[in-house]
Amino acid sequence: MATDTQQKENTLLHLFAGGCGGTVGAIFTCPLEVIKTRLQSSRLALRTVYYPQVHLGTISGAGMVRPTSVTPGLLQVLKSILEKEGPKSLFRGLGPNLVGVAPSRAVYFACYSKAKEQFNGIFVPDSNTVHIFSAGSAAFVTNTLMNPIWMVKTRMQLERKMRGCKQMNTLQCARHVYQTEGIRGFYRGLTASYAGISETIICFALYESLKKCLKEAPIVSSTDGTEKSSSNFFGLMAAAAVSKGCASCIAYPHEVIRTRLREEGSKYTSFMQTARLVFREEGYLAFYRGLFAQLIRQIPNTAIVLSTYEFIVYLLGERA
């Protein structure tokens, strides 16, 4: 009985720590989240730039022009938001993000832990296969439950306003989605989220492998006390950062497709239809718009959450 109680307390504390880490990360990286979402959107203004081309062979000697579409980058979008909408717009969608991040971390880590217990009894314990199936199962459950919150967050981030104009809050945005699209509207982009499970699988498979390497590294085993705790903590942060960076680069296109599917009144209807349409109209590079903002937001955020989670597990193990 004591063991069961201790396991429950440990699980609750791990989930609480993960939720706190995710909350802090969400607050500090919200501006980058807004910029990334704007870059992914089809409503990003494509500015047409005219480059003069002088043709010496022409009779009049007049210059010709060649129109070229230029996609604004991260700094251009940031400047546009600050000038036209004000600094507060950089925190659009923070409300549903904060509401969703703690329960989503709780659901994910709870499912991941339970799934590992189950799959350890089927496959080789703590093998890559176990980590892959556990991460995939946890991501499937979390995406299904949390999609309505992330849907509202995306809509709020895509909303544009002029200075002085009042924007919808979280409840108003949710009510608007329900009134215009019904319950199904809250699950737009869910298929893209399911496709994004591949990113979670890649991230956790790499992370577990790197964590195993860190435990076997001589520098870790040769130290003790505070030095061991510090080296483990920063090593786990580095492992989480590398894992998330690699996973994001590989699976990023699903994020662009998901954002397009969540746009209000958009022409995008399904995952494959959106992928074909984006490729045909904008080219394959459109699938990587906002990747830089995603990397500089997600990498430190993931490093904080995972390292905090692991560090508290270590502290609890020491006290047990």
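**Close-up views of side-chain contacts**

The structure contains nine aromatic pairs (Phe, Tyr and Trp rings, the latter by its six-membered ring, with centres within 6.5 Å; planes under 30 degrees apart are stacked, over 60 edge-to-face, the rest tilted). This is a predicted model, in which local features need pLDDT of at least 70 and side-chain atom pairs count only at pLDDT 80 or more, while totals for chains, interfaces and linings use all residues. Residues are numbered from 1 along each chain as its sequence is written, and side-chain values use heavy atoms, with hydrogens and water left out.

**View 1. The aromatic pair of Phe140 and Tyr194.** The ring centres of Phe140 and Tyr194 are 4.8 Å apart and the planes lie at 15°, so the pair is stacked. Phe140 belongs to helix H4 (residues 128-158) and Tyr194 to helix H6 (residues 190-195), so the pair ties together parts 54 residues apart in sequence (helices are DSSP runs of H or I, at least four residues, numbered from the N terminus).

**View 2. The salt bridge between Arg38 and Glu85.** The closest N and O atoms of this pair are 3.1 Å apart (a salt bridge is a side-chain nitrogen of Lys or Arg within 4 Å of a carboxyl oxygen of Asp or Glu). Arg38 lies in helix H1 (residues 2-40), and Glu85 in the loop between helix H2 (74-84) and helix H3 (94-120), 47 residues apart.

**View 3. Salt bridges at Glu181.** Arg155 pairs with Glu181 at 2.6 Å between the closest N and O atoms. Arg155 lies in helix H4 and Glu181 in helix H5 (residues 170-181), so the pair ties together parts 26 residues apart in sequence. Arg188 also forms a salt bridge with Glu181, with the closest N and O atoms 3.3 Å apart.

Technical notes
Helix = DSSP H or I, 4+ residues; strand = E, 2+ residues; numbered from the N terminus.
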